[in-house]
There are 2 protein chains.
Amino acid sequence: MDDKKYREIITFKNEPKITLTSSIVGPKEGSGPLGEYFHNVLSDDKMDEKTFEKAERNLLSFVLDEISTGLKNEGDRLKLIVGGDLLNQLTTTSFAAREMHVPLLGLYSACSTMSEALLVGSVFVDGGYSDNAVACSVSHFSSAERQYRFPLEQGTQRPPVSQWTVTGAGACLIKRSDGAYPKITRALVGEVEDYGIIDVNNMGAAMAPAAMSTLVRFFEETNESPQNYDMILTGDLGVLGSEILCELTKDRGYDISSVHKDTGVMIYENAPQKFQGGSGAGCSASVLSSYIYKALVGGEIKRMLFLATGALLSTTSSQQGESIPGISHLVEIEGVINK
Amino acid sequence: MDDKKYREIITFKNEPKITLTSSIVGPKEGSGPLGEYFHNVLSDDKMDEKTFEKAERNLLSFVLDEISTGLKNEGDRLKLIVGGDLLNQLTTTSFAAREMHVPLLGLYSACSTMSEALLVGSVFVDGGYSDNAVACSVSHFSSAERQYRFPLEQGTQRPPVSQWTVTGAGACLIKRSDGAYPKITRALVGEVEDYGIIDVNNMGAAMAPAAMSTLVRFFEETNESPQNYDMILTGDLGVLGSEILCELTKDRGYDISSVHKDTGVMIYENAPQKFQGGSGAGCSASVLSSYIYKALVGGEIKRMLFLATGALLSTTSSQQGESIPGISHLVEIEGVINK
């Protein structure tokens, strides 16, 4: 690991801030413990559309429209969309962007998309390459089940280690501002890690090593420790994956158990049929843009690390016997402290 | 279009340069007119692997290894991979990156990936967010046919407007340097355009409006004209798509016909069974990293625009009756002039 002694941490000198967020979720997510924090909760997760794919697209369009409208009300205009989704060829994001005539940087990082989007958007805004950027991500339970597992109509039973793809979207507007908003201070691009997990129903175990790897790289290079943060928030490791992450990280000398939270665990806490918790690119995106953002604005969270976690498999790679690589990008966020 | 009067062009102040490239192609591409320019030509496009997906991964690993080795020989280390491919969930790129332990930013922009990768990589390097970055993309005829159309074993006939997915990969190393290398000077992120094309075998027609839109936005904001460039290079519009682009652009007041080239047309020129030409994310990546790079280094091309073009459809979106949106990101490159 000696050849790793290179600067890899990204430090933002111009304090890009998250000045506006939007979130929307389905009825199951809305009835969970974070229900009151989401900007919008659907009563019908098909949204009167003919296909779940169209409903998923509506979710993303909805949050992008709210961000765009917020900017228009300030006499400004959205300049860049940075984001992605889980559907093949990123059709949700592309079709949502088609309606908007705003430049689009499509990303694919599975369920780690929201932290990759925040990282890339912050680089563009911090460096003056774009006046603003919206980082966004989305997923839908029913379209994800159809694409990755089985169509709902088949009524397949789910194994106990499986997770539940969140129906939801979240968007964070990043721009430079003098206002009292949460700011993105540092970031670290994830490396692909693979511990040889081949069970496609056990994503948490496949993704935990990636989160550990990025966290440890961050701590080692910055000399920070878990105690310097109010929260270390992963995306959708679920109950089992979270335990694995805490153990793996402890083995490397960092005990994160007292500050670690996982949006996949939080979103369905105490709900029936939650299995290992929520997953999907929209899970961390919707929770970060609502409950977490409110805590950052209110100063309850003064300093946090956000690491959405992605499992980089496809149905083809699994059928061909490949194990599941994971990735996790990290973003450091500071809450509004002087309030 | 009045609300578009915002600065959207990205200007690179620190002259990020393409200091090293690598390319590899299959036998069909190697026997074409650009054959002698590719760094490597395969005799067997399955590369002795069990699946075409593994062969595709090998293509990308091959060019990434060459870049990585080149850096190591200078006592340096690859810091960031920026790129993508056409396979679902970006498995080619993720699995290739897994072997390397280098941070990965996965992008999806269909066949426009190479210009998105150059743009994003240049932003990271220009702004000092990464010491270097490799922009890369790849495609494989046989894996693309299986995923998007029909398995080869089925022996389906191809309609005359169809294109041929290039088996190939290309990689460009971007870093700041005092040396005499081609430099990336400006860039523009593409918007999603959709003229309602629904024929999945006629990608050129679906993508041409996106290239036109980005080009015209670039000319309007910079006051440049086609005559200021030695070459305006699109990715894989093919013969028909190139004609459509030239006409659409002329309608908007810019005649690019004398300087326009398309890597999809170039790669199979005069070959049998070329149909409308080459396509695929590896088409523009491999041609840019070989033939074009050589002309930039030699000063034959002093100033060019590179716009890879992507069709943002999926098999699901087509089956659901959706039209095909396109996108095209633009990068301005200057050759080595004082030679």
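Over which ring does the charged end of Lys28(B) sit? The ring belongs to Trp164(B), and the charged end lies 4.3 Å from its centre. A charge counts as over a ring if NZ of Lys or CZ of Arg is within 6 Å of the ring centre and within 35 degrees of the ring normal. In chain A, Lys28(A) lies over the face of Tyr268(A), 5.1 Å from the ring centre.

This is a predicted model, where local features need pLDDT of at least 70 and side-chain atom pairs count only at pLDDT 80 or more, while totals for chains, interfaces and linings use all residues. Residues are numbered from 1 along each chain as its sequence is written, chains are lettered from A in the order in which they are written, and side-chain values use heavy atoms, with hydrogens and water left out.

Now the rings. Over all chains, the structure holds 14 aromatic pairs. Rings of Phe, Tyr and Trp (its six-membered ring) pair if their centres lie within 6.5 Å; planes under 30 degrees apart are stacked, over 60 edge-to-face, and the rest tilted. Tyr37(B) and Tyr291(B) form an edge-to-face pair, 4.7 Å centre to centre, with 70 degrees between the planes. Tyr37(B) lies in the loop between helix H1 (27-30) and strand E3 (40-41) of chain B, and Tyr291(B) in helix H9 (residues 281-298) of chain B, so the pair ties together parts 254 residues apart in sequence. Helices (H or I, at least four residues) and strands (E, at least two) are DSSP runs, numbered from the N terminus. Tyr37(B) is partly exposed, at 26% relative accessibility. Tyr291(B) is also partly exposed, at 27%. That class lies between buried (under 20% relative accessible area) and exposed (over 50%), with a 1.4 Å probe and protein chains only. In chain A, ring pairs link Phe218(A), Phe219(A), Tyr229(A) and Tyr254(A) into a cluster.

Next, the interface. Contact (heavy atoms within 4.5 Å) takes 66 residues from chain A and 65 residues from chain B. The area buried between the chains is about 5300 Å², and carbon and sulfur atoms give 55% of it. Buried area is the accessible area (1.4 Å probe) that two parts lose on being put together, summed over both. Arg77(A), Gln89(A) and Tyr129(A) supply 15% of the area that chain A buries against chain B, more than any other three residues.

Arg77(A) also forms a salt bridge with Glu8(B), the closest N and O atoms being 3.2 Å apart. Between chain A and chain B the count is 10 salt bridges, each a side-chain nitrogen of Lys or Arg within 4 Å of a carboxyl oxygen of Asp or Glu.
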